[in-house]
Amino acid sequence: MLDNPVWNALATRHAHFALGAGRVKRYPADVAPFLATAGADAVDRDESADLATPGEALYLMEVNPSPPAGWEVERRSALLQMVHERRVGATPIGDDYSVLGTGDVPDMLELTALAFPGYFRSRTIEMGAYFGVRRDGRLVAMAGQRMFLDGYREVSGVCTHPDHRGRGHASRLITLVVDEILRDGLTPFLHVAGDNAGARTAYEKLGFVVRRELSLLRVRRL
């Protein structure tokens, strides 16, 4: 399931978001920028022709991704997929967080633009529960749930404003998100850039272990 997480999410628990039929699916553009194929077999142009406008860029995330005909690869990078293996010592969550809702989306877009511009969209919040910390009314940290597939739920959207880093906000929010996922009887997982050693170490301290490496392709519709 986790070797092709986007496809398996769109084929199971996130099927209500899925656009496309056959061997190519995608999330709506205002939900998430991900395209997925059923596997490594070649996919012809017709199967993806109506899924994107010419020039639109999306991301493929698989073990050995291969874009459908009619798409060009703009960038290829390595991701580490990490799975939560054990509950570590209790991390005090505190009571200064809030559940984020649609009214918080403008602030969430502003915050995520500092860390990973373009990934968080206006309807990404519909993919799962999100939590945040505010200081003087300003959203300074957040984390939540993104992909949802049989047996697994992704921890994502983890970011802290540069002026508020080093205060434990991210660790507390990740712990909160993990606990919510475990309470539902699911296994938490996440993705981190292969060269981000600092983030990997932080996640390991919270009980995540590397499962395997995936490729992330930014592809553009011709």
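I began with the terms: helices (H or I, at least four residues) and strands (E, at least two) are DSSP runs, numbered from the N terminus. With that settled, I found Arg146 in strand E7.

I noted that the model is predicted, so that local features need pLDDT of at least 70 and side-chain atom pairs count only at pLDDT 80 or more, while totals for chains, interfaces and linings use all residues. Residues are numbered from 1 along each chain as its sequence is written, and side-chain values use heavy atoms, with hydrogens and water left out.

**Entry: Arg146**

Is Arg146 buried or exposed? I took buried to mean under 20% relative accessible area, exposed over 50%, and partly exposed in between (1.4 Å probe, protein chains only). Arg146 counts as buried because its relative accessible area is 11%.

I then looked for polar contacts, each a pair of N or O atoms within 3.5 Å; within protein, one must be able to donate a hydrogen and the other to accept it, and residues adjacent in sequence count only if both atoms are side-chain atoms. The side chain of Arg146 makes one of 2.8 Å with that of Glu154 and one of 3.4 Å with that of Ser156. Contact in general means heavy atoms within 4.5 Å, and, leaving aside neighbours within four places in sequence, the residues that Arg146 touches include His14, Phe34, Tyr119, Met127 and Tyr130.

**Entry: the sheet**

I traced an open sheet of 10 strands with mixed pairing, in the order E1-E2-E3-E10-E4-E9-E8-E7-E6-E5, where two strands pair if DSSP finds at least two bridges between them. Strand E1 (24–26) and strand E5 (97–99) are the edge strands, each pairing on one side only. Strand E8 (residues 152–160) runs parallel to strand E9 (residues 187–193), and three bridges join them; Arg153 stands opposite Pro188 in E9.

**Entry: the cores**

I looked next at nonpolar cores, which are sets of buried Ala, Val, Leu, Ile, Met, Phe, Trp, Tyr and Cys residues joined through side-chain atoms within 4.5 Å. Which residues touch the most other members of the largest core? Among its 24 residues they are Val155, Ile174, Tyr203 and Phe208. At least two residues each come from E4, E6, E7, E8, H3, E9 and helix H4 (197–205), and H3 gives the most, with six.

Leaving aside neighbours within four places in sequence, I found Phe208 in contact with residues including Met82, Val155, Ile174, Pro188 and Tyr203. A second, separate core has 21 residues, among them Leu2, Val31, Ala36 and Val83.
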